[in-house]
Amino acid sequence: MSAPAIDEILPLTPLQEGILFHSLAEDGARGLYVAQYTVPLEGPLDEARLRDAVRRTLVRHPHLRARIHHRASGQPVQVVPRDVEPHWSVAGPDDGEAVLRAARTGGVGVEGGPLIRFDLVRDGTDRYRLAVTAHHCVLDGWSASVLLREVLAGYAGEELAPPVPYRGFLGWLAGRDRAAAERAWRAELADAPPTLLAPESGGTAARWATVVRELSPAQTAELGGRMRSLNATLTTAVQAAWALVLARHTDRDDVMFGSVLSGRPAELDGVEDMVGMLVNTVPVRVRTGASATLADLLADVRARRLALAPHDHVGLGEAARAAGVDGPPLDTTVTVEAVPDVPPWSRDLGGLRVGEVGCEETAHYPVTVVVTPGERLSVRLHHDTSRVPAAVARVLATQLTRVLGVIADDPRARPGDIEPCDAQEAGRMLDAGRGERFPLPRRPCVHTAFAEQAAREPDATALVFEGERVSYGELDRHANRLAHHLIGLGIGRGDWVGVRLERGPHLVTALLAVLKSGAAYVLLDPDFPGARAAECVRATGCRTVVSDRPLPDEVAQRDGPRLVRIDDPRLEGAPGTDPGTPVDGEDPACVLFTSGSQGRPKGVVAPHRALVGSLLGQAFARVTPSDVVLQCSPMSWDAFAFELLSALFAGATCVLQPGGAPEPEVAVRLMGEHRVTVAHFSSSLLNFLVDTHPSAFDTVRLVLTGGEAASPGHLERLLRRRPGLTLVNAYSPLECMMVTVFRRVTLEDCLDGSVPLGGPVANKHFYVLDDRLRVLPPGMVGEVYLGGVGEAHGYLGEARLTAERFVADPYGPPGSRMYRSGDLARWRADGAVEYLGRRDDQVKLRGFRIEPSEVETALARHSGISGARVLVRTEGPGDQRLVAYVVPPRGTPPGPAGRRAPPAPPPPRREGQK
């Protein structure tokens, strides 16, 4: 643009700079920060006269003609051309919608294009629509009302007062003390955590929708009166209410959102008639947990806003930078509308009637809340449906009006007393979390379910191990002989029997034999350090251990358990018939040890009912007699029981991998040799196999994965290679056995960025509850509680811990319990559940559940360590490691020898899947 064609050059305000940044950064997001105001007109219209009125309005406000240009230094400025002809078009009824849509999505822009345009649509005889499409860089909502008022007044031929120059606002802005403002915002936002309600867009184009809620006239009047009595404003009430909604949806008590202010300083004469971009968005930080009552919260919000009001000229981005906030600090904004309430069409327009102005606009943030005062207070929640589904948006808007209603009714109420949802919604969520019901056997016992299958098909192959095949009949007879021998030693119901054997047919025989004797088994992995094995023996009080080798010295003490050799030739003389020991489904079947926070493992006691009920008749993993199931999970995981028993209960063949831990190369060989059809892998192992041995899945029809967050990219590759594969993402803490929630993964799931958890299996249930055990609606973050047939009895010898984690179920039958998992999740709008992490510092790594504090306690026993901190560190994509940072005793320099010395005793190995 040549110099003579330029009328003036204007700087950008802080908010304009922020809008420009986001507009340029959102590659391909056409129409971002664009508003289209549409005025219906009915009656005789002089089109030329209307266009001239528009032109004269642009003469009055030359900055509306500005275009954004960048100086050689890169600094953006507003360049105002002398040409005052408006960007004007006229469209007929056939192409009117297309013209308006094109104006919204590309008719104005910040890359050298016009920032405002006018389109007249002829809808029919004497029916028109005047559309003003403007970028937020040049016009805000208040100014749009003033602009339309002036255009129609000009059309009516009225003489208008001289315009209030926009330069006056820019001059006022330039005179602010920016250093003082930066200090104030730095103090306010110090250590503020980002508050992000919605997931990243992932490049998906925004799709906008609006949810509208209203307060009744009585509630609206009551809210206004209540705010006056508290010496507060409606804006304060809305900000406090939205903070509470955000706190519940993000599970935080320190939240932040943007507040859109009119930006019209009272000290500027005539500022209410100024046209331009004056609004500003400032961050509002609210600590909801610090207030005992709603009145206290309102007072705190009011005081903080009053203290920061002199610095509200600083834009959101500038305030965040001053505080050193990295990344986006927030993704929601709130506006309490304050627009001139003077209709521009009350004058004589020559018979032309003016309808209600409509507005369509887009924004950078996925949620924007607009509250409009009136007889009925209106809440309009605009949301990007690609990031905030409609069901979640409805919950947000409903909760906001619910909180405003409570503020109006009783500001002395505690914030936590506000119900997260009504009874109807709570009932719907409870139903969604309950699996279908079907009856279990009268006595659901593991060995009984196996024996029934062995009786049906005694010659079918039950186990395959290193070239050896064992039929169901053989396995049953071997287990019966050992069971009779154990009973002869005095073993029976209520006893614990240790099993210390490598994976193989002997291990399976011993487990079944212990159960047939009426006792419960304690798996003592041969790889356990002696001290660890001794701890498990001590915790259970077991007096007998079945093994094929001598016991470790720590176990084989003078008063230690007796050893029963599984290879004892005398077993051949024992009866091969079932001993018929009476066992109930509530009798313990096993104890599985998992990481504990006190430096020692805790034992989860699983009854027969939990093992049998988690498998029999379950739709998530229907195994048939023709299936071949791979068993490779460590025997101390509940996945070991799933892989073994899902095969033995169904009459399928179970292929046992040699060794204690999964060996990828061995597993791949076995899958190919035996044409495995069903397999279960932790997410880490599955990712590795997909990367390195994708052909290993060519014979598999069903794959289950779990233990940690699934990798969408790996699952997608697997499904594309094997389109007919049933791929199940499974979730359950050890305390609820094997699988409680499952989802059959689809390609669409893999494209969402995270694979959801899905729904409950049969005879199990789960809830997402707040800290008062109230049911939460979609979108709100809460803790996962689980229950049903898979629920464990509790922790062995840990009555207090059991009472803390297995709590009364307020939504179940009398006497029922539910397990408090410590996992955080939220319901999605589609009925799936999204896992969000832990409430404590427990971590899940390569399928192992680890309490860092247990490792820290073990490290602290070392004489060369005075302090330790254990964290999971990501070394690269998919490469996470448990790392300990240790502090040597005072006066002892750190060195390689000290760092490598093992703690004494060694830290216990962590077990327990998921």
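Me: Leaving aside its neighbours within four places in sequence, which residues is His 693 in contact with?
Reply: This is a predicted model. In it, His 693 is in contact with Glu 665, Val 668 and Phe 688. Contact here means heavy atoms within 4.5 Å. His 693 itself lies in the loop between α20 (683-692) and β27 (702-706).

Me: Why is His 693 called buried?
Reply: The cut-off for buried is under 20% relative accessible area. His 693 has 17%, so it counts as buried.

Me: What makes Ile 865 count as buried?
Reply: The limit is again under 20%. Ile 865 has 10% relative accessibility, and therefore counts as buried. Its place is in the loop between α24 (852-860) and β39 (867-876).

Me: How far apart are the C-alpha atoms of Ile 865 and Pro 889?
Reply: They are separated by 5.9 Å. Along the chain, the two residues are 24 apart.

Me: Which residues make the contact of α13 with α15?
Reply: From α13 come Val 446, His 447, Phe 450 and Ala 451. From α15 come Leu 512, Leu 515 and Lys 516. By class, five are nonpolar, one is polar and one is charged.

Me: Why are α13 and α18 called oblique to each other?
Reply: The axes of α13 and α18 (residues 638-650) cross at roughly 40 degrees. Parallel needs an angle under 35, and perpendicular needs 65 to 115. The pair of α13 and α18 is therefore oblique. Their axes come within 7 Å.

Me: Which residues of α13 and α18 meet?
Reply: Val 446, Ala 449, Phe 450 and Gln 453 in α13 meet Leu 645, Leu 648, Phe 649 and Ala 650 in α18. This contact divides into seven nonpolar residues, one polar and no charged.

Me: What makes α14 oblique to α15?
Reply: The axes of α14 (residues 472-488) and α15 come within 8 Å and cross at roughly 50 degrees. The roughly parallel class ends under 35, and the roughly perpendicular class begins at 65. So α14 is oblique to α15. The crossing of α14 and α15 is right-handed.

Me: Which residues of α14 meet α15?
Reply: They are Leu 475, Asp 476, His 478, Ala 479, Asn 480, Leu 482, Ala 483 and Leu 486. In α15 they meet Val 508, Thr 509, Ala 510, Leu 512, Ala 513, Val 514 and Lys 516. The classes are 10 nonpolar, three polar and two charged.

Me: In what order do the six strands of the open sheet stand?
Reply: The order is β8-β15-β14-β11-β9-β10, with mixed pairing. β8 (208-214) and β10 (280-287) are the edge strands, each pairing on one side only. The twist averages 25 degrees from one strand to the next.

Me: How do you know that β9 and β10 pair?
Reply: Two bridges would be enough. β9 (residues 254-261) and β10 have eight, and pair in the antiparallel sense. Val 255 stands opposite Val 286 in β10.

Me: Which way do β9 and β11 run, parallel or antiparallel?
Reply: They run parallel, joined by three bridges. Gly 258 stands opposite Thr 333 in β11. Five bridges join β11 to β14 (residues 367-372), and these strands run parallel too. There Val 334 stands opposite Val 369 in β14.

Me: Why is β11 called mostly covered?
Reply: Five of the five residues of β11 (residues 332-336) are buried. Thr 332, Val 334 and Val 336 point one way, and Thr 333 and Thr 335 the other way.

Note on methods
Residues are numbered from 1 along each chain as its sequence is written. This is a predicted model: local features need pLDDT of at least 70, side-chain atom pairs count only at pLDDT 80 or more; totals for chains, interfaces and linings use all residues. Side-chain values use heavy atoms; hydrogens and water are left out. Helices (H or I, at least four residues) and strands (E, at least two) are DSSP runs, numbered from the N terminus. Ala, Val, Leu, Ile, Met, Phe, Trp, Tyr, Cys and Pro count as nonpolar, Asp, Glu, Lys and Arg as charged, and the others, Gly among them, as polar. Axes are lines fitted to C-alpha atoms, for helices over the stretch in contact, and angles run from 0 to 180 degrees between N-to-C directions. Angles under 35 degrees count as roughly parallel, over 145 as roughly antiparallel, 65 to 115 as roughly perpendicular and the rest as oblique. A crossing is left-handed if the near helix is turned anticlockwise from the far one by less than a right angle, and right-handed if clockwise. Buried means under 20% relative accessible area, exposed over 50%, partly exposed in between (1.4 Å probe, protein chains only).
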